[in-house]
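Look at the model below.

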Amino acid sequence: MRTPGTTLADARDLLDGAEAVTFLTGAGVSAESGVPTFRGGGDAPLWRDVRNAEDLSHPDFLHADPRGFWEWMQYRRELVARCAPNAAHLAIAAFQATPGTRVEVVTQNVDGLHHRAGSRSVLELHGSLWRARGIACEHTHALLEVALPALPPPCPTCGGPLRPDIVLFDEFLDERVFQAAFEAVVDAHVLVVVGTSALVMPAATLPLRARRAGVKVIVVNPEPTPIDDIAHVVLRERASVALPFLLSAAAT
Ligand code: NAD
């Protein structure tokens with residue numbers, strides 16, 4: 001396979017005239033908003049003294065200690081509520097609003113920052129911190145208020161405990177959301193993969209599926225990732241720097 005391009009001009013060439021562009025974003029797109037990633041932050045604890053995301057965002061923790069699990073969720077919800085969308089979220093939303101190109105946004109993030117930046121119809125592969133569902137009845141409810149009087153909060157439908165409507169490690173994704181994401185990715189002319197370590201399955205398979213379907217793949221990440229090898233262009237740059245340059249030029 002040929003060496004990927006590495007310049008903004010290489011990436012612009014791919015976007016130039018593309019009728020359908022899909023973004024696949026991960027925790028890195030929100031890093032500059034102040035939302036910590038799970039990887040790439042050295043050996044610092046993620047919360048209290050726990051360093052491993054798989055131990056925290058895991059159903060075993062939810063079931064063994066529902067209150068402790070919700071305290072971890074509340075830490076994340078309060079942190080995200082203090083953050084604002086950054087230039088990368090805003091550039092994607094502005095690009096999506098420009099007539100002439102079909103733009104889809106698929107995210108692994110649960111922070112809601114693409115919505116807050118103004119993006120429409122975001123496919124949230126791993127759910128949202130701003131929704132919850134009854135553990136027993138499975139009814140989904142918006143959970144927009146940050147402060148919660150009781151942990152775990154009660155489900156308005158069944159009265160039992162709510163859980164966040166996010167996909168935990170070792171849980172399955174919502175099949176309809178994943179199928180819609182798959183279609184958005186393989187039907188695109190260009191897939192822009194931003195700020196993901198491409199380690200969390202099955203989301204990490206999407207760039208490979210796109211490549212196999214003939215989609216041009218651009219990776220934006222300051223660090224190497226396992227999907228660099230299949231990319232047509234790799235931009236070793238922060239999302240908030242690369243995307244405004246790339247997308248403002250493409251929209252003109
Ligand atoms: P990850 O934490 O595994 O990897 C983050 C990636 O972002 C790394 O490759 C890093 O090099 C890159 N990155 C860091 N700063 C960047 C920047 N400024 N611009 C571009 N890239 C940057 O993230 P992941 O691949 O999304 O997987 C982690 C899982 O954890 C996902 O399922 C996600 O749902 C969840 N998560 C979500 C959030 C959030 O909602 N903001 C935060 C942490 C983790």
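How many cavities of 30 Å³ or more are there? The count comes to one.

## Ground rules

This is a predicted model, where local features need pLDDT of at least 70, side-chain atom pairs count only at pLDDT 80 or more, and totals for chains, interfaces and linings use all residues. Residues are numbered from 1 along each chain as its sequence is written, and side-chain values use heavy atoms, with hydrogens and water left out.

## The cavity

A cavity is a set of points, on a 1 Å grid over the protein atoms alone, where a 1.4 Å probe fits but cannot get out. Grid points are joined across faces, edges and corners, and a volume is the space filled by probe spheres set on the points. The largest cavity holds about 30 Å³ of space.

Lining residues have an atom within 4 Å of a point. For the largest cavity they include T107, N109, D111, H114 and E124. Two elements give two or more residues to this lining: α7 (113–117) and β3 (122–124). Helices (H or I, at least four residues) and strands (E, at least two) are DSSP runs, numbered from the N terminus. α7 gives the most, with three residues.

By class, the lining has three nonpolar, five polar and two charged residues. Ala, Val, Leu, Ile, Met, Phe, Trp, Tyr, Cys and Pro count as nonpolar; Asp, Glu, Lys and Arg count as charged; the others, Gly among them, are polar.

## The ligand

Now the polar contacts (pairs of N or O atoms within 3.5 Å). A polar side-chain atom of E32 lies 2.7 Å from a ligand nitrogen atom. A polar backbone atom of G195 is 3.2 Å from a ligand oxygen atom. For G28, a backbone N or O atom lies 3.5 Å from an oxygen atom of the ligand. Taken alone, the ligand exposes 840 Å², and the protein buries 93% of that (Shrake-Rupley method, 1.4 Å probe).

A pocket is an open set of points with protein on both sides within 12 Å along at least five of seven lines.

Key. Polar contact = N/O pair within 3.5 Å; in protein donor to acceptor, adjacent residues only side chain to side chain.
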